[in-house]
Amino acid sequence: MLKLSGKNIIKLSVNNVVREVAVRPSDILAEVLRNQLGLTGTKIGCENGDCGVCTVLVDNLPVKSCLMLAVEAVGHEITTIEGLSDTPVQNAFIEKNAFQCGFCTPGFIMVCRSLLNNHPDPDDYTVESWLQSNLCRCTSYQEIKEAVKKAKDLR
Amino acid sequence: MIPFDFEYYLPDTLKEASEIFVTLQKEGRSPLYYGGGTEIISMARVMNVTPGAVIDIKKIPECLEFGINDNHITIGAAVTLAKITASGIFPLLGLAAGRIADHTVQEKITLGGNLAGTIIYHESLLPLLISDSSVCLQSAEGLKEAPVPEVFSGGGLRPGELIVKISLEKKFAQCPYFHIKKSKIEKIGYPLVTVCVLLYDNVMRTAVSGLCHFPLRLADVPLDPDTDEAVLAENLVRNISAPIRNDASGSADYRTFILIKTVESIIRELKQIKKDKINA
Ligand SMILES: Cc1cc2nc3c(=O)[nH]c(=O)nc-3n(C[C@H](O)[C@H](O)[C@@H](O)COP(=O)(O)OP(=O)(O)OC[C@H]3O[C@@H](n4cnc5c(N)ncnc54)[C@H](O)[C@@H]3O)c2cc1C
Ligand code: FES
Ligand code: FES
């Protein structure tokens, strides 16, 4: 049985690169990504699972990284917004101006990427139920919906 | 940030999990079984729980069981709500699970965590309360099986008891069903009332969350085409003896009104389904 206590060196595979980090078992994945790996594209907002700005992909599925311990991520593939540079989803958000301040954008892009990987041609109900996991204070919802449609066509 | 340290254990077997729980408990370290961790992390952040150790059950094979065998459906405690919904294995449970928190959080919340957690709604319990489901529990004394209502509508889990898996007969997953969740404003949110109904053997089985401080199963009702649905719904709801919640999210009168109207509409639809079947 694996037991971790105090600080431990663990290996995390992030954006297809294996990185070593020193963590306590109670360290949250979102903070380790930002503070130890410098991947500050993942944002932290509510820290309570409500806003979705901390969303990353774990084995291709969206997970709110404020609700995941870093030690739970060992052995899984993590994708952050930095891993989606110049992809159809990112380009669709730019083309459709699907942001204003941009704080929520990484979270939305992660969900959108996973949605289209798992449902290449999603119906409106599926799009809504996946994207309802994220909040946009600037209310760019209409443009975000258009970006999802655009991303689908660009793939 | 979680402002304190705890130890992390990842047992490979049920026996290891229950033994380490007992050891840590004896040492005064307030261990917690760890499923999806969503409730433990959000509560630990504000020091509402302060475990000295967490025991992650996501590597225990029995807790990951998921499938149909010999007309029995088995769902391990560490299976996520999103996986249950996507599989279609028990459509009513899939609907209930698909309205808990939001889709991304459903990728992390486990069935065991929703059943055992301290948040009062336990919406995934409703389909299990009305489908003769049983629960397999591991403790220091070993494995035992019990009817779901006996554990979750009774005294709850005993200290150190681990939910291993849920099982039910496949026939209950094939009955006509309804799931209606009414929240105060948004689609995502805690329920004012959530109602789950199964029609089995022409009897309507109903379970409700949000109304009282715990989910409950209402009286069974034979579906008689001649009964008035408004009278039936009113009687069913007025017979609830537990105190109805009365707070800022919804007064007791409002919750009761919503429940009566919801049950009424379900009875009406069930009667219609029956009529259509006869006419077909
Ligand atoms: C953002 C958010 C929104 C929510 N909305 C809803 C909602 O709309 N409706 C609703 O019903 N609930 C809702 N919840 C509550 C939620 O379903 C539970 O609290 C869930 O978070 C717990 O699942 P988990 O697997 O993450 O459990 P954990 O956080 O891992 O554990 C929660 C508790 O259960 C215990 N536990 C976990 N697994 C087991 C097991 N197998 N055996 C014994 N004990 C166990 C743990 O020790 C702990 O005490 C919401 C929670 C969040 C974070
Ligand atoms: S910071 Fe994770 S959901 Fe808000
Ligand atoms: S663009 Fe500002 S929060 Fe969404």
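Buried here means under 20% relative accessible area, with exposed being over 50% and partly exposed in between, using a 1.4 Å probe and the protein chains only. Before going on, this is a predicted model, in which local features need pLDDT of at least 70 and side-chain atom pairs count only at pLDDT 80 or more, while totals for chains, interfaces and linings use all residues. Residues are numbered from 1 along each chain as its sequence is written, chains are lettered from A and ligands numbered from 1 in the order in which they are written, and side-chain values use heavy atoms, leaving out hydrogens and water.

Back to the strand. Six of the six residues of E6(B), residues 134–139, are buried, so the strand is largely enclosed by the rest of the structure. Helices (H or I, at least four residues) and strands (E, at least two) are DSSP runs, numbered from the N terminus.

Which strands does E6(B) pair with? One is E7(B), residues 142–147, antiparallel over six bridges; another is E8(B), residues 162–169, also antiparallel, over five bridges. Pairing requires that DSSP finds at least two bridges between the strands. E6(B) and E7(B) form a hairpin with two residues between them, and Ser139(B) has Gly142(B) as its bridge partner. On the E8(B) side, Gln138(B) stands opposite Leu162(B).

E8(B) also takes us to ligand 1: along with E2 (31–34), H2 (38–45) and H6 (111–116) of chain B, E8 supplies at least two residues of the shell. H6(B) gives the largest share, four residues. Residues from chains A and B surround the ligand, so the site is shared between chains. Of the 34 residues around ligand 1, Tyr33(B), Thr38(B), Glu39(B), Thr110(B) and Asn114(B) come nearest; a residue counts as near if one of its heavy atoms lies within 4 Å.

Now the polar contacts, meaning pairs of N or O atoms within 3.5 Å. An oxygen atom of ligand 1 is 2.6 Å from an N or O atom in the side chain of Asn114(B). An oxygen atom of the ligand also lies 2.8 Å from a polar backbone atom of Gly36(B), and a ligand nitrogen is 3.4 Å from a polar backbone atom of Ala101(B). Taken alone, ligand 1 exposes 960 Å², and the protein buries 94% of that, with areas from the Shrake-Rupley method and a 1.4 Å probe.

Terms used
A polar contact is a pair of N or O atoms within 3.5 Å; within protein, one must be able to donate a hydrogen and the other to accept it, and residues adjacent in sequence count only if both atoms are side-chain atoms.
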